[in-house]
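This report walks through one structure.

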Amino acid sequence: MIQELKQNYGHLFEDDLINEIAQVGTYKEVPAGFKLMEIGSYIKGMPLLISGAIKILRDDKEGDELLLYYLEKGDTCSMTMSCCLGQTKSEIRAIAETDTVLIMVPIQKMEMWTSKYKSWRNFVFESYHTRLNEMLHTIDSIAFNNMDQRLLEYLKNKSRINEDNSIRNTHQEIAGELHSSRVVISRLLKKLEKLGKIELHRNYIEIINLD
């Protein structure tokens, strides 16, 4: 665990902090689709990603999902930290987008490290800043971009994060994460196919050229 921590967080944390994380952290390997966190549950630890990606989602009053952002290698989730430190229930859902390796840090240590290690304090503040900007980007996208643009960006991110030109989400799943309807998404996907940007297959979408 120490070696993986040093490879992914060694440029951020001093050796003493990495050693402490290795002593108290819980190493986890989870498959794609695994639910790490549910809305309304209490959070007992904060994830540090070693590899893979996690998507962070939020529900509206009707129970429909909206994709807020992705966590990737070297990231953590500021909303998780807020719930941990405030001992409040989670307001997000976290699902592994790909096979993921992470280290769960117990909440009891987080506050202590904030005062003990400047590197941890900087990491927490920078994480808040990054996640806030990502949520603002999501809000701007909903408010100012049409669904064509949002779908295009969604497909680009999916392909990049999964390192695969084949996207194996159903039209309904894509519609849910973009807070749209399956009919709209299917129509826009067919439009992208006619433009030569994608090819639609029975069980997947093949990316041709989204530039």
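## Cores

The largest nonpolar core has 31 residues, and Tyr9, Phe13, Ile21, Ile56 and Trp120 touch the most other members. A nonpolar core here is a set of buried Ala, Val, Leu, Ile, Met, Phe, Trp, Tyr and Cys residues joined through side-chain atoms within 4.5 Å. Buried means under 20% relative accessible area, exposed over 50%, and partly exposed in between (1.4 Å probe, protein chains only). At least two residues of this core come from each of helices H1 (2-9), H2 (15-24), H4 (107-116) and H5 (118-144). Helices (H or I, at least four residues) and strands (E, at least two) are DSSP runs, numbered from the N terminus. A second, separate core holds 22 residues, including Met147, Ile161, Leu189 and Ile207.

The model is predicted: local features need pLDDT of at least 70, side-chain atom pairs count only at pLDDT 80 or more, and totals for chains, interfaces and linings use all residues. Residues are numbered from 1 along each chain as its sequence is written, and side-chain values use heavy atoms, with hydrogens and water left out.

Leaving out residues up to four places away in sequence, Ile56 touches Leu66, Leu67, Leu68, Tyr69, Leu71, Cys77, Ile92, Arg93 and Ala94. Contact means heavy atoms within 4.5 Å.

In H2, the buried residues are Leu17, Ile18, Glu20, Ile21 and Ala22. Their cover includes H1, E3, E7, H4 and H5.

## Helix pairs

Two packed helices are described by the angle between their axes and the distance between the axes. Axes are lines fitted to C-alpha atoms, for helices over the stretch in contact, and angles run from 0 to 180 degrees between N-to-C directions. Angles under 35 degrees count as roughly parallel, over 145 as roughly antiparallel, 65 to 115 as roughly perpendicular and the rest as oblique.

H2 and H4 pack at about 170 degrees, with axes 12 Å apart. They are therefore roughly antiparallel. Leu17, Glu20, Ile21 and Val24 of H2 meet Lys109, Met112, Trp113 and Lys116 of H4. This contact has five nonpolar, no polar and three charged residues. Nonpolar covers Ala, Val, Leu, Ile, Met, Phe, Trp, Tyr, Cys and Pro; charged covers Asp, Glu, Lys and Arg; the others, Gly among them, are polar.

Helices H6 (residues 147-162) and H8 (residues 182-194) pack at about 75 degrees, with axes 11 Å apart. This pair is therefore roughly perpendicular. From H6, Met147, Asp148, Leu151, Leu152 and Leu155 meet Val184, Ile185, Leu188, Leu189, Lys191 and Leu192 of H8. Nine of the contact residues are nonpolar, none polar and two charged.

## Thr98

Thr98 lies in the loop between strand E6 (93-96) and E7. Its relative accessible area is 14%, so Thr98 is buried. A polar atom of the Thr98 side chain lies 3.1 Å from the backbone nitrogen of Ala53. Beyond neighbours within four places in sequence, Thr98 contacts Val30, Pro31, Ala32, Gly52, Ala53, Ile161 and Asn162.

## Two serines

Ser41 sits in the loop between strand E2 (35-37) and E3. At 26% relative accessibility, Ser41 is partly exposed. A polar atom of the Ser41 side chain lies 2.6 Å from the backbone oxygen of Glu38. Neighbours within four places aside, Ser41 contacts Lys89 and Ser90.

Ser166 belongs to strand E8 (residues 166-167). With a relative accessible area of 18%, Ser166 is buried. Not counting residues up to four places away in sequence, Ser166 touches Tyr204 and Ile205.

Conventions: Polar contact = N/O pair within 3.5 Å; in protein donor to acceptor, adjacent residues only side chain to side chain.
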